[in-house]
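Visitor: Please put the structure up. I have a few things to ask.

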Amino acid sequence: NSHSVFKTLLLIGKTGSGKSSLCNRLSGHEARSDIFAQSSGPDPCTTETTFGIVKLGGNREHYVSLIDTMGFDDPNKDTDVQTIAELVTKLRNGCDFIDTFGITINSQHRRVEGSLVQMLKIFEEMFGGVFWNQCVLLFTRITMNGADKKRRAKVTKKSDNDRAKEYAREVEKRFPNSAGGLKYLFLDACYAEEIQEESDHFQESMGELY
């Protein structure tokens, strides 16, 4: 019974949201390693659900059952519909409990995209309204050093936290069941290891995720 031994983290996200890089990083490897394959175009081999028991960030104390789902592009397309059907079957057969659903979001996309809404609808139908209590928005592709944070705040006239909260509110408008319960973290898997601030931030956020 995996639930009694490991926490289970399931990641979902659009193709290009940085999900596989994040899985690699969470499992203690380089963001661009091939432990969790990155999607490289419409190759059907990327439409796989990958299960792995990993040491979160290489930490021996923190074993996690990590499920990387294939990126979706538009759940109205046939390939995505098949992909989702395959995911549902795999989850029913291979997983008795999911502790946390991580929804990866490319931070460069400010709007809640229709394809993400479609995917979340499917998950809400599958798991019911309680799904939202176990969700966390994971903002990827965002450099977390002081200089970049300041520059972004100057350009957008909002802090990263303000923008993340706005995004969460947009999701809540579409999914009333999620209201008040949506948490978020910034997890830039491709952080610059030589910049202590970025490295520290990732480790800290990963600890919070755990």
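Visitor: What does the lining of the second largest pocket have by class?
Guide: There are 8 charged, 6 nonpolar and 3 polar residues in that lining. Charged means Asp, Glu, Lys and Arg; nonpolar means Ala, Val, Leu, Ile, Met, Phe, Trp, Tyr, Cys and Pro; the others, Gly among them, are polar. This is a predicted model, where local features need pLDDT of at least 70 and side-chain atom pairs pLDDT 80 or more, while totals for chains, interfaces and linings use all residues. Numbering starts from 1 along each chain as its sequence is written, and side-chain values use heavy atoms, without hydrogens and water.

Visitor: Which residues lie nearest the centre of that pocket?
Guide: R110, R111, R163, E166 and Y167, out of 17 lining residues. A pocket here is an open set of points on a 1 Å grid over the protein atoms alone, where a 1.4 Å probe fits, with protein on both sides within 12 Å along at least five of seven lines; lining residues have an atom within 4 Å of a point.

Visitor: Which helix gives the most to the lining?
Guide: Helix α6, residues 160–174, with 7 residues. Helices (H or I, at least four residues) and strands (E, at least two) are DSSP runs numbered from the N terminus.

Visitor: New topic. How many aromatic pairs?
Guide: The structure holds 14. Rings of Phe, Tyr and Trp (its six-membered ring) pair with centres within 6.5 Å; planes under 30 degrees apart are stacked, over 60 edge-to-face, the rest tilted. F101 and F123 are edge-to-face, at 6.2 Å between centres and 80° between planes. F101 sits in strand β4 and F123 in helix α4, 22 residues apart.

Visitor: F101: buried or exposed?
Guide: Buried, because its relative accessible area is 2%; buried means under 20%, exposed over 50%, partly exposed in between (1.4 Å probe, protein chains only). F123 is buried too, at 0%.

Visitor: And what about F123 and F127?
Guide: That pair is stacked, with 6.0 Å between centres and 25° between planes. F123 and F127 are 4 residues apart in helix α4, so about one helical turn separates them. F127 is partly exposed, at 29% relative accessibility.

Visitor: Which residues form one cluster with these?
Guide: F101, F123, F127, F131, W132 and F175 form one aromatic cluster.

Visitor: Last one: how many residues of helix α2 are buried?
Guide: 8 of its 8, over residues 19–26. They include charged K19 and R25, along with L22, C23 and L26. The buried residues of α2 pack (heavy atoms within 4.5 Å) against β1, β2, β3, β4, β5 and α7. Just after α2, G28 has a positive phi of about 85°.
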